[in-house]
Amino acid sequence: MEKNKLIKSIFYDLAACSLFILVILYAGGGGFGFPTGEILKIRILRILVALIAGFALASAGVSFQMVFSNPLADPYILGSSSGAAAGVAALILLGIPKTSLLYPVIAGAASAGAVFAVL
């Protein structure tokens, strides 16, 4: 019975995600219709980036929960979120442009450094 619940939950999640993508794609400033040209490219890219970010955050949360065998575990337990925030804050204070690819690299390194420091 547990397997059926999981399959049903995955189906509902995929259906909700598909509906969400369609609404984002079709809803526009001039009404509800299918966009063309550059607008379509911009929306599709934003949808893909949002999906990738969501998948990354979800997998990080699941890995923390599996490591600690605790369904309430989150990235704040080991200071991972605080380390990433400190790394980005340091870049902002140094005046690095926000379009730099250095931001995600430093955020990841500072996050890993904070976790290693705690462990």
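This is a predicted model: local features need pLDDT of at least 70, side-chain atom pairs count only at pLDDT 80 or more; totals for chains, interfaces and linings use all residues.
View 1. Residue numbers start from 1 along each chain as its sequence is written.

**View 2. Surface and burial.** The protein chain exposes about 9,000 Å², with 74% supplied by carbon and sulfur atoms; the areas come from the Shrake-Rupley method with a 1.4 Å probe. Of its 119 residues, 16% count as buried, meaning under 20% relative accessible area, while exposed means over 50% and partly exposed lies in between.

**View 3. Contacts along the sequence.** Take the contacts (heavy atoms within 4.5 Å) between residues at least 6 apart in sequence: 27% of them join residues at least 24 apart.

**View 4. The F64 and F68 rings.** Here is the one aromatic pair in the count, where rings of Phe, Tyr and Trp (its six-membered ring) pair if their centres lie within 6.5 Å. F64 and F68 are stacked, at 6.3 Å centre to centre with 15° between the planes; stacked means planes under 30 degrees apart, edge-to-face over 60 and tilted the rest. Both sit in helix α2 (residues 38–68), and because they are four residues apart, about one helical turn separates them. F64 is buried at 14% relative accessible area, whereas F68 is partly exposed at 32%.

**Note on the views.** Local features need pLDDT of at least 70 and side-chain atom pairs count only at pLDDT 80 or more, while totals for chains, interfaces and linings use all residues; side-chain values use heavy atoms, leaving out hydrogens and water.

Notes: Buried means under 20% relative accessible area, exposed over 50%, partly exposed in between (1.4 Å probe, protein chains only). Helices (H or I, at least four residues) and strands (E, at least two) are DSSP runs, numbered from the N terminus.
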